[in-house]
Amino acid sequence: MQNYAQAVKDFVENHATGLTVAFVTGVGVLAFRRWMAGSVCRSKVRLDGKTVLITGANTGIGKETAMDMAQRGARVILACRDMTKARIAADEIRQKSGNGNVTVKKLDLASLQSVRDFAKDVQENEDRLDVLINNAGIMMCPKWKTEDGFEMQFGVNHLGHFLLTNCLLDLLKKSAPSRIVIVSSLAHERGRIHFDDINLDKEYKPEKSYYQSKLANVLFARELAARLQGTNVTVYSLHPGVIRTELGRHSLQTMALWKRILFSVLIFLIKNPWEGAQTTIYCAVDESAANQSGLYYSDCALKTPAPHALDDAAAKKLWNLSASMVGLA
């Protein structure tokens, strides 16, 4: 035993510098991982008797948000395109939360007809809607088009949710106080609304389209909040963080091999879906945010978005363009 202790002592003395570097690096990595995890929603609010609708709730942060809402006692509607995955997710949520009031409805945000059919179903069969969470999205896909001929990322991330929200406003007002939560991204800071080429037919780049759609989310929340003043329906947009989800699958396919290898290592340092859902949950339930509307959040706290996301004239212009594109009066 004495020989073993001496051997350890000798090893430490001979490799003091290397061991110090390894220790400091390890502490740094752990600190960075903790920082990346962000804040956690601390609200204990119950949602018994309330109805929460979440788009894209069969995976990622949408699924984690649905789990949280179910654990709080809400009736949860999973609005999803892939019904097989949605039913599997709903079964898991029912089992883990102990809440059997979790249902699935078909919604394809790339089809305006699907959005209208879905909204009609909700209007006819739901007595109330207390929280609408516009979570579904697509990121940096190739130049695809929606069923109605719109550029896919702008069509799904913004136009589909724009129409859905407007179709459900009467039910939200009837259920007030109610909330509308719009999942955007820090990527909005790099975005610009290309009013002269909204579908990016002149020059399509996946990242350019994604940035535009995320800026549209923040501008939509701002203008919607202005239009809902006095209704007791509040609106929130947010950045969930950098998260390990399926959302980035299209961008990964086009990455160089060395970038994919590096990403496969770094991915363990970014948020998992539960951590990524916390700001969405905060905006949906936290008492301190109840009287705030049209603002932007990150890490469960109020943040200032990019200056061009505060442009009221651009928000109104985008609203009018969007209404025209989806056929709203």
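## Briefing: a cavity, a pocket and some side-chain pairs

The lining of the largest cavity is made up of four nonpolar, four polar and one charged residues (Ala, Val, Leu, Ile, Met, Phe, Trp, Tyr, Cys and Pro count as nonpolar, Asp, Glu, Lys and Arg as charged, and the others, Gly among them, as polar). The model is predicted, so local features need pLDDT of at least 70 and side-chain atom pairs count only at pLDDT 80 or more, while totals for chains, interfaces and linings use all residues. Residues are numbered from 1 along each chain as its sequence is written, and side-chain values use heavy atoms, with hydrogens and water left out.

**Cavity and pocket**

- The count comes to one cavity of 30 Å³ or more, a cavity being a set of points on a 1 Å grid over the protein atoms alone where a 1.4 Å probe fits but cannot get out.
- The largest cavity holds about 30 Å³ of space (the space filled by probe spheres set on the points, which are joined across faces, edges and corners).
- L109, A110, S111, L112, T146, D148, F150, G155 and G160 line the largest cavity; lining residues have an atom within 4 Å of a point.
- The second largest pocket has a volume of about 240 Å³, where a pocket is an open set with protein on both sides within 12 Å along at least five of seven lines.
- Its lining has 15 residues, and K50, P177, S178, R179 and A284 lie nearest the centre of the second largest pocket.
- Strand β5 (178-183) and helix α12 (278-285) each supply at least two residues of that lining; helices (H or I, at least four residues) and strands (E, at least two) are DSSP runs, numbered from the N terminus.
- By class, the lining of the second largest pocket divides into seven nonpolar, four polar and four charged residues.

**Salt bridges**

- The whole structure has 15 salt bridges, each a side-chain nitrogen of Lys or Arg within 4 Å of a carboxyl oxygen of Asp or Glu.
- E126 pairs with R75 in a salt bridge, with the closest N and O atoms 2.8 Å apart. E126 sits in the loop between α5 (112-125) and β4, and R75 in strand β2 (residues 75-80), so this pair ties together parts that are 51 residues apart in sequence.
- E126 is buried at 7% relative accessible area, whereas R75 is partly exposed at 21% (buried means under 20% relative accessible area, exposed over 50%, partly exposed in between, with a 1.4 Å probe and protein chains only).
- E92 and K96 form a salt bridge with closest N and O atoms 2.9 Å apart. Both residues belong to helix α4 (residues 83-97), four residues apart, which is about one turn of the helix.
- Within this pair, E92 is partly exposed at 23% and K96 is exposed at 57%.
- R128 and D130 meet in a salt bridge at 2.7 Å, N to O. Salt bridges with shared partners join K50, R128 and D130 into one network.
- R128 is partly exposed, at 29% relative accessible area, while D130 is buried at 3%.

**Aromatic pairs**

- Five aromatic pairs turn up in the whole structure: rings of Phe, Tyr and Trp (its six-membered ring) pair if their centres lie within 6.5 Å, and planes under 30 degrees apart count as stacked, over 60 as edge-to-face and the rest as tilted.
- The ring centres of F162 and W319 are 4.9 Å apart with planes at 75°, so the pair is edge-to-face. This pair links distant parts of the chain, with F162 in helix α6 (residues 152-167) and W319 in helix α13, 157 residues apart.
- Both partners are buried: F162 has a relative accessible area of 1%, and W319 has 10%.
- Y282 and Y297 form a tilted pair, 6.2 Å centre to centre with 55° between the planes. Here Y282 in helix α12 and Y297 in strand β7 (residues 295-298) are 15 residues apart.
- Y282 is buried at 11% relative accessibility, and Y297 is buried at 0%.
- F162, F220 and W319 make up one aromatic cluster.

**Three residues in their surroundings**

- N134, in strand β4 (residues 131-134), is buried at 1% relative accessibility. Beyond four places in sequence, N134 has contacts that include H161, I182 and V183 (contact means heavy atoms within 4.5 Å).
- S237 belongs to strand β6 (residues 233-239) and is buried at 1%. S237 and V183 are 54 residues apart in sequence but 5.8 Å apart in space, C-alpha to C-alpha.
- Leaving aside neighbours within four places in sequence, S237 is in contact with several residues, among them I182, Y296 and Y297.
- T304, in the loop between β8 (301-303) and α13 (312-326), is exposed at 64%. T304 touches Y296 and L310, not counting residues up to four places away in sequence.
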